[in-house]
Amino acid sequence: LTMPGAAEGLKFYLVPDFARMKEVGIINTLVGAMNQAFFTLSVGMGSMAIFGSYIGKEQSLLGESANVIVLDTFVAIVAGLIMFPACYTYGLEVNAGPSLLFDTMASVFNHMAGGRGSLFFLFMVFAAMSTVLAVCENILAMVREMTGWKRPLGCLVCGAGVFVLALTTALGYSVFKFQPFADGSAWLDFWDFLV
């Protein structure tokens, strides 16, 4: 917040721009907000369905849900308070999508005295792994129920399958030149989401 340009970033983040909303369309803005809300809810519901069966009897699912809601909202707000002022300070594009995290935070750490950001990106790996484990646990449970396999074999087969499917997304534009939905970005976004 003390960096030059932080005030513009905070204004962009916290002050609603009704003129821009009118330009884009109020319905489009509401649909975009609802898409984000339903995506978050679906991830939350999936995680509750997956991890709810592992929760101990001494813990309340409602209480744990409230903790997740509070922590998720807190982290999202603080992330915005970090990212947008940094974007305006270092002249980065605020509409860059997921790569914004890596571009912005790398610039912030490069300009900090002694800052390398290793721990930050290590924690990002842990956050990503917990999400991947949540998604894969659902697939693994289904495969184990259908086949009767033990957990180690199911993990190996599911891990290999997810890895092969994910390669199409990870290497599709570079090594493989594999672009099955090149004519429609919506289909490509769906494929990325599916994988």
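Q: In what order do the elements of the chain run from the N terminus on?
A: They run α-α-α-α-α-α-α-α. That is eight helices and zero strands. Keep in mind that this is a predicted model.

Q: How much of the chain counts as buried?
A: The chain has 195 residues, and 15% of them count as buried.

Q: Which residues make a nonpolar surface patch?
A: Look for Leu119, Leu122, Phe123, Val125, Phe126 and Met129, which together make a nonpolar patch of about 610 Å². One of them, phenylalanine 126, lies in helix α6, residues 118-147.

Q: Let's stay with α6. How far does it reach from its first C-alpha to its last?
A: The distance is 41 Å for 30 residues, close to the 44 Å expected at 1.5 Å a residue.

Q: Which residues in α6 are buried?
A: Ala134, Glu137, Leu140 and Val143 are buried there. Here's a handy bit of background: an α-helix has 3.6 residues a turn, so residues three or four places apart point the same way.

Q: What's the relative accessible area of glutamate 137?
A: Glutamate 137 has a relative accessible area of 11%, so it counts as buried, the cut-off being under 20%.

Q: What is it in contact with, leaving aside neighbours within four places in sequence?
A: Glutamate 137 is in contact with Ile50, Tyr54 and Arg151. With arginine 151, its side chain meets in a salt bridge, at 2.6 Å from N to O. Arginine 151 lies in helix α7 and glutamate 137 in helix α6, so this pair ties together parts that are 14 residues apart in sequence.

Q: How many salt bridges does the count come to?
A: The count comes to two.

Q: Where do arginine 20 and glutamate 23 lie?
A: Both lie in helix α2, residues 18-24, and they are three residues apart, about one turn of the helix. Arginine 20 is partly exposed, at a relative accessible area of 45%, while glutamate 23 is exposed, at 61%.

Q: Okay, new topic: α7. How far apart are its end C-alpha atoms?
A: They are 29 Å apart. Helix α7 covers residues 151-171, and at 1.5 Å a residue its 21 residues should span 30 Å, so the two values agree.

Q: Where is the kink in α7 centred?
A: The kink is centred on leucine 165, with an angle of about 25 degrees.

Q: I also spotted glycine 154. Where is its place?
A: Glycine 154 is in helix α7. It is buried, with a relative accessible area of 0%.

Q: What does glycine 154 touch, not counting residues up to four places away in sequence?
A: Glycine 154 touches Leu140 and Trp149.

Q: What follows α6?
A: Glycine 148 follows α6, and its phi is positive, near 80 degrees.

Q: Last stop: methionine 105. Which helix has it?
A: Methionine 105 is in helix α5, residues 99-111. At 5% relative accessibility, methionine 105 counts as buried.

Q: What does methionine 105 touch, not counting residues up to four places away in sequence?
A: Methionine 105 touches Ile82, Met83, Leu100, Phe120 and Phe121. Its C-alpha atom is separated by 7.8 Å from that of glycine 117, twelve residues apart along the chain.

Q: And what share of contacts between residues at least 6 apart in sequence join residues at least 24 apart?
A: In this chain, 39% of those contacts do.

Technical notes
Residues are numbered from 1 along each chain as its sequence is written. This is a predicted model: local features need pLDDT of at least 70, side-chain atom pairs count only at pLDDT 80 or more; totals for chains, interfaces and linings use all residues. Side-chain values use heavy atoms; hydrogens and water are left out. Helices (H or I, at least four residues) and strands (E, at least two) are DSSP runs, numbered from the N terminus. Buried means under 20% relative accessible area, exposed over 50%, partly exposed in between (1.4 Å probe, protein chains only). Contact means heavy atoms within 4.5 Å. Patches are made of residues with over 30% relative accessible area and no salt bridge: like charges are joined within 9 Å, nonpolar side chains (Val, Leu, Ile, Met, Phe, Trp, Tyr) within 5 Å. Accessible areas come from the Shrake-Rupley method with a 1.4 Å probe; for residues, only the protein chains shown count as cover. A salt bridge is a side-chain nitrogen of Lys or Arg within 4 Å of a carboxyl oxygen of Asp or Glu. The expected span of a helix is 1.5 Å times one less than its number of residues. The bend at a residue is the angle between axes fitted to the seven residues ending there and the seven starting there.
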